[in-house]
Amino acid sequence: DASGNILIADANNKRVVKLSPAGAFLAEYGQGVLSRPVAVTLSAGRVVVADAKAGQLVLFSEDGALLARVDLPPAAGPDEDPEEPRPVALAAAAAGNVWVADAKGGRVLRYTPGLALAQTIPGFPRPEGVAVSPSGTCLAVSDSKTSRIRTFDAELGAGLAAFGAHGNIVETKPLPAEFFLNKPAQLAFDAQGTLLVADRNN
């Protein structure tokens, strides 16, 4: 948060934990409300949590008061049957919009600061990471099934680029021209706009 405190989605304990920059316990949110929190972000001074089991976004005040619970809409499955949503990653833009990676629904959703659905980008086999650049113009999405990263115009939703290839890193061999990924998961941009990728199986 603005004070440097750290928020952690503690999935199996069904809570969000707040720690000081030095790691001291400060607070916990969501016990009795959350069923499997897997991601957390801050939007417009409030805490947004992705509850994967419930298929919901859960909104808290910074002091932990429950403000809202929002169900993600069902997504069309491969046979056009509705798929239950599974939000697994969140990213908040500077303007307060919240991007959600829905792994089971194969899509990325954009919500307003008030958690109204504003945009859907479909067509992902299994999106598991999402990040917005510091400028707010670039959206990055990781797909663990294809082991690729795709970028989009964060305002228009238009595709910009796709990169990465599935493969294992071997320490004794040089890196290939197109870098390998193996089930990339969470993403983050640093202050300079460089993209960081959690490459799970490498």
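The structure holds six salt bridges (a salt bridge is a side-chain nitrogen of Lys or Arg within 4 Å of a carboxyl oxygen of Asp or Glu). What you're looking at is a predicted model, where local features need pLDDT of at least 70, side-chain atom pairs count only at pLDDT 80 or more, and totals for chains, interfaces and linings use all residues. Residues are numbered from 1 along each chain as its sequence is written, and side-chain values use heavy atoms, with hydrogens and water left out.

**View 1. The whole chain, for orientation.** You'll find 21 strands here and zero helices; these are DSSP runs numbered from the N terminus (helices are H or I with at least four residues, strands are E with at least two). Along the principal axes, the C-alpha atoms fill a box of roughly 50 × 45 × 30 Å. The radius of gyration is 17 Å, which agrees with the value near 17 Å for a compact globule of 202 residues (it's taken over C-alpha atoms, and the globule rule is 2.2 Å times the number of residues to the power 0.38). Of those 202 residues, 45% count as buried. Buried means under 20% relative accessible area, exposed means over 50%, and partly exposed is in between, using a 1.4 Å probe and protein chains only.

**View 2. Asp10, Arg15 and Glu28 form a salt-bridge network.** One link in this view joins the side chains of Arg15 and Asp10, at 2.8 Å from N to O. Is Asp10 buried or exposed? Asp10 is buried, because its relative accessible area is 19%.

**View 3. Asp102 pairs up with Arg107.** Their side chains meet in a salt bridge of 2.7 Å, N to O. Asp102 counts as buried because its relative accessibility is 0%. Arg107 is buried too, with a relative accessible area of 6%.

**View 4. Arg200 reaches Glu128.** In this salt bridge, the closest N and O atoms are 2.4 Å apart. Which parts of the chain does the pair link? They're distant ones: Arg200 sits in the segment after strand E21 (195-199), while Glu128 belongs to strand E14 (residues 127-132), 72 residues apart. Arg200 is partly exposed, at 43% relative accessibility, whereas Glu128 is buried, with a relative accessible area of 11%.

**View 5. Leu115 and Ser147 have positive phi values.** Here's the background: most residues other than glycine have a negative phi. Leu115 has a phi near 65° and lies in the loop between strand E12 (107-111) and strand E13 (117-122). Ser147 has a phi near 55°, and its place is the loop between strand E15 (138-143) and strand E16 (148-153). Leu115 is buried, with a relative accessible area of 6%.

**View 6. Ala95 is out in the open, so to speak: it counts as exposed.** Where is Ala95 found? Look in the loop between strand E10 (87-92) and strand E11 (98-102). Its relative accessibility is 63%, so Ala95 counts as exposed. For a sense of scale, the C-alpha atoms of Ala95 and Arg148 are separated by 27 Å, and the two residues are 53 apart along the chain.
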